[in-house]
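Hello,

Please find the structure below. My notes on its side-chain contacts come after it.

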Amino acid sequence: MWNISTLILLLLLQFSCSLIGSATAFVSYDSKAITINGLRRVLISGSIHYPRSTPEMWPDLIQKAKEGGLDVIQTYVFWNGHEPSPGKYYFEGNYDLVKFIKLVQQGGLYVHLRIGPYVCAEWNFGGFPVWLKYIPGISFRIDNEPFKFQMQKFTEKIVDMMKEEKLYESQGGPIILSQIENEYGPMEYEIGAPGKSYTKWAADMAIGLSTGVPWIMCKQDDAPDPVINTCNGFYCDYFSPNKAYKPKMWTEAWTGWFTEFGGSVPHRPAEDLAFSVARFIQKGGSFVNCYMYHGGTNFGRTSSGPFIATSYDYDAPLDEYGLLRQPKWGHLKDLHRAITLCEPALVSGDPTLTQSGT
C-alpha cells in the first residue's frame, strides 16, 4: 500500500508534467523575476536583429545562441522595412518576422519582441518610415494625434499578426515579453508635460492590446504600472525598477559599440562584460540581454547617419558573419552556465507582490 506521502509526491509530479506539456503558459512577474507558469526564471538573452542577417543564416545563429547558454532572443521590429509605403506591408526575405520567430521557437528559445515602433538601433530614421514626415500636422514621439494614430495602427498590425500565428507564450508560442517605445525617458525629460502624457498613452495603448505577456519600457523611470522599466548601458548594477514589486531587468548590456566610418573599431573585453553581468545578477537582477549577441550587417541604405558603417559587428559574441568570437562567446557561455546552476537560489524568497501579464 502507498502511504500518504507517496500519493502526494505522485500528484505533484503529475501536476508538474501537465504544466511542462501544456500548450500554453502563463507569463507574469514579481519582485524577483519574470515567472513562466508560476516558476521564477533568471533569463539570459541576446539581441539578433532579423533584417541584419539573412534567412539562411538564422538557424545557425539561433543554434549558436542556444549553445552559448541563451534562453531568449531579443529583436526590434523595423517599421520602415515592414511598411515602406502607407498601408502596404512587406514581410518577406530578411523581413520575414514570423519565420524568424518560429525558427527561434523551433530552437527551443523564448522571444522578447521590442515593437517600439521607434527603435533607434543605429537604423535609418530610427525605424520610422520616411512617409510619416509628410503627414500634415505630425510631430514624432509626442502627444500628437496624427503620430499616435500611425503608431497605434502599426503596433496593432504587429500584435495581431503575432496573435494570428499564435506566437505569444499565452497561446503556446515563444514570445514572453514585449516592448513599447524605446529609451524615451531622456526625451520626455526635455519635453516635459506633453512627453509624460505621451508615455502614459503609449503604455495604456500597449496594455490594451491584451497580449497575455508583460510589457517593458527601457530607460523610462516613470513607466506606468504594470509596465516594467528596464536599464540599458555598459553597467546596470546600480539600477532599481520604479516599483518594489517589479523585477530588475537589463534590456541592453552593451557587448561593444557600433562602428563609424573613419573611427576606430570598438572593443569591449570579455572579462569586463562578464563581470558587469555577474555584478548585476549579484545585486538582484534576473534578466540580462546582450546587445548585440549577433550584430550583423546594415544592408543597403539601412544604417543611420552620419557615418554609421554598413558593418554592425558590435564586437558581439557572434561576429558580423555569424562566426564565434573567442574568447567572448566561450567566456559568456561559462558565465551563463554558472548563473543557470545558481538559478534556484537566486530566485528564492518571498516576492513583494505578483503582477499578472497583460
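The notes cover aromatic pairs, charges over rings, and salt bridges.

This is a predicted model, in which local features need pLDDT of at least 70 and side-chain atom pairs count only at pLDDT 80 or more, while totals for chains, interfaces and linings use all residues. Residues are numbered from 1 along each chain as its sequence is written, and side-chain values use heavy atoms, with hydrogens and water left out.

Aromatic pairs

Rings of Phe, Tyr and Trp (its six-membered ring) are paired if their centres lie within 6.5 Å; planes under 30 degrees apart are stacked, over 60 edge-to-face, and the rest tilted. The count by this rule is 27 aromatic pairs. One of them is W79 with F128: the ring centres are 5.8 Å apart and the planes stand at 85°, so this pair is edge-to-face. Because W79 lies in helix α3 (residues 79-82) and F128 in the loop between β6 (110-116) and α5 (145-164), the pair ties together parts that are 49 residues apart in sequence. Helices (H or I, at least four residues) and strands (E, at least two) are DSSP runs, numbered from the N terminus. W79 is buried, at a relative accessible area of 0%, and F128 is buried at 3%. Here buried means under 20% relative accessible area, exposed over 50%, and partly exposed in between (1.4 Å probe, protein chains only).

Y184 and Y198 have ring centres 5.0 Å apart and planes at 65°, so they are edge-to-face. Y184 is in the loop between β7 (175-180) and α6 (185-191), and Y198 is in helix α7 (residues 193-207), 14 residues apart. Both Y184 and Y198 are buried.

Charges over rings

A charge sits over a ring if NZ of Lys or CZ of Arg is within 6 Å of the ring centre and within 35 degrees of the ring normal. The charged end of R141 is over the ring of Y118, 3.8 Å from its centre, and that of K157 is over the ring of Y89, 4.4 Å from its centre.

Salt bridges

With a side-chain nitrogen of Lys or Arg within 4 Å of a carboxyl oxygen of Asp or Glu as the rule, there are 20 salt bridges. Among them is E252 with R114, at 3.0 Å from N to O. E252 lies in strand β10 (residues 248-254) and R114 in strand β6, so this bridge ties together parts 138 residues apart in sequence. E252 is buried at 4% relative accessibility, and R114 is buried at 1%.

K196 and D222 form a salt bridge at 3.6 Å, N to O. K196 is partly exposed at 48%, as is D222 at 31%.

Regards
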